[in-house]
Protein chains: 2
Amino acid sequence: MKNYKLTIQYDGSRYNGWQVQGNTDNTVQGKIQNVLSRMDDREVEVHGSGRTDAGVHARGQIANVKLQTEPTCAEILAYCAQYLPTDIAVIAVEEASERFHARLNAQKKCYVYRIHNSPVPNVFERKYLYQMTGCFDLNAMKSAARHLVGTHDFRSFCGLRRFKKSTVRTVYSIDIDKIGDEIRITYVGNGFLNLMVRIMTGTLVEVGLGQRNADDIPAVLAALDRDAAGITMPPEGLCLQWVEY
Amino acid sequence: MKNYKLTIQYDGSRYNGWQVQGNTDNTVQGKIQNVLSRMDDREVEVHGSGRTDAGVHARGQIANVKLQTEPTCAEILAYCAQYLPTDIAVIAVEEASERFHARLNAQKKCYVYRIHNSPVPNVFERKYLYQMTGCFDLNAMKSAARHLVGTHDFRSFCGLRRFKKSTVRTVYSIDIDKIGDEIRITYVGNGFLNLMVRIMTGTLVEVGLGQRNADDIPAVLAALDRDAAGITMPPEGLCLQWVEY
């Protein structure tokens with residue numbers, strides 16, 4: 001039995017997120033498990049670094065899987081390229097130590113939220129951008145973001161109201177860049193709560209549009225109440241960029 | 001009555017090409033004509049710089065249309081953004097002289113063919129790249145391309161065998177670049193025959209894979225016979241990049 005580390009890309013548009021749910025298998029994890037179970041001639045479990053929600057994309061999701069037939073990394077790559085749907089790809093495979101676990105060992109994650117700030121739709125990247133008109137004050141957004149960086153209790157930014165575990169997380173950086181018509185917000189942290197990136201983005205967007213003050217963010221954090229934060233942004237603008245171990 | 005010049009982008013994947021054909025209207029021209037006819041309250045005709053085939057994309061298709069209600073350019077942009085499907089966008093509108101005709105006045109066109117030369121599929125651009133494994137000899141392709149540049153009778157590269165008009169065209173340049181895993185072939189010419197870019201690309205690909213000699217290209221041109229040239233490449237890798245007037 002060998003353990004493998006997989007790097008995975010997907011266009012999440014038509015999936016119910018990463019994680020297998022009950023008996024529906026229209027999930028990314030489900031699709032990959034089906035292919036690798038066929039290859040390994042038994043039911044295998046693919047452990048992702050974390051779940052992504054329905055409609056969210058990934059350029060660098062990491063997962064691990066144990067295979068009894070011990071194929072070479074190239075064989076796994078070729079098998080996945082042949083049998084996975086075209087909107088999911090395993091782009092790299094390496095052998096990992098027996099104890100490597102993609103979720104438990106993850107140290108840092110990077111998510112990117114992309115807003116297409118233009119009245120004209122972007123035809124070619126329409127599935128990977130959220131389109132918004134309006135005039136954004138990027139400096140106000142950057143000020144607000146500075147209040148979110150650090151180790152905080154992010155309960156106000158958690159989509160699960162009755163979440164029982166710790167809601168303390170560390171956000172190492174939030175970068176806000178304007179690239180042509182695109183506003184790109186890049187988050188690096190040690191982990192993110194359910195919907196946390198989309199709620200932080202919604203809150204920053206409200207600051208950018210002048211609907212909320214950058215200096216109100218400490219009070220939003222202190223409230224420990226989802227209602228204190230901004231809207232949850234739609235999933236299509238969000239992408240899991242990389243995971244560090 | 002005012003005449004307008006439109007710059008249009010489309011993902012051609014789900015369309016039967018640019019040009020309206022009989023009573024099917026699943027064409028890009030048909031979709032735009034429907035929207036602008038509604039705006040102008042009568043049947044309008046949108047003249048493209050040329051037809052693109054089923055599945056071919058455009059980043060800079062040019063068209064002109066005459067509208068009796070004489071809306072502002074911003075009104076046309078906003079109306080198109082609201083009513084066109086998300087895989088077609090009018091990205092720029094300007095008033096043109098009464099005599100401007102997008103097809104008759106076109107001086108130069110640029111097409112790009114993109115090959116993803118990797119065993120691993122590209123998830124995010126899968127609809128805009130043609131995926132091919134194999135080891136390409138780019139220098140041989142560049143040598144072959146040099147034989148195609150210039151004013152020639154391109155009958156061997158014309159998809160319509162009984163084409164009655166002149167098949168003489170001028171190709172100003174063919175650039176072949178390797179960008180990461182991508183081989184990008186950029187064609188600039190005064191006009192291109194039916195399927196000409198895809199047949200030239202297929203011929204260059206055969207040279208790149210060692211199935212054909214770069215120095216055989218003059219004989220292919222001289223044959224004036226479609227069977228002398230290479231395969232017709234699939235449409236998804238092709239994009240009309242810009243048109244010059």
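Helices (H or I, at least four residues) and strands (E, at least two) are DSSP runs, numbered from the N terminus. In these terms, B:S49 lies in the loop between β2 (47-48) and β3 (57-67) of chain B. The model is predicted: local features need pLDDT of at least 70, side-chain atom pairs count only at pLDDT 80 or more, and totals for chains, interfaces and linings use all residues. Residues are numbered from 1 along each chain as its sequence is written, and side-chain values use heavy atoms, with hydrogens and water left out.

B:S49 is buried, at a relative accessible area of 3%, where buried means under 20% (1.4 Å probe, protein chains only). Neighbours within four places in sequence aside, the contacts of B:S49 (heavy atoms within 4.5 Å) include B:Q61, B:R103 and B:Y245.

Attention now turns to the interface. There, 22 residues of chain A are in contact with 22 residues of chain B. The two chains bury about 1800 Å² between them, 65% of it on carbon and sulfur atoms; this area is the accessible area (1.4 Å probe) lost on being put together, summed over both parts. In chain A, the residues that lose the most area to chain B are A:V123, A:F124 and A:R126, together 39% of what that side buries.

Two salt bridges are found across the interface of chain A and chain B, each defined as a side-chain nitrogen of Lys or Arg within 4 Å of a carboxyl oxygen of Asp or Glu. The side chains of A:D11 and B:R126 form a salt bridge at 3.3 Å, N to O. On the side of chain A that touches chain B, β1 (2-10), β3 (57-67), α2 (73-83) and β4 (88-96) of chain A each supply at least two residues, and β4(A) gives the most, with four residues.

Notes. Chains are lettered from A and ligands numbered from 1 in the order in which they are written. Buried means under 20% relative accessible area, exposed over 50%, partly exposed in between (1.4 Å probe, protein chains only).
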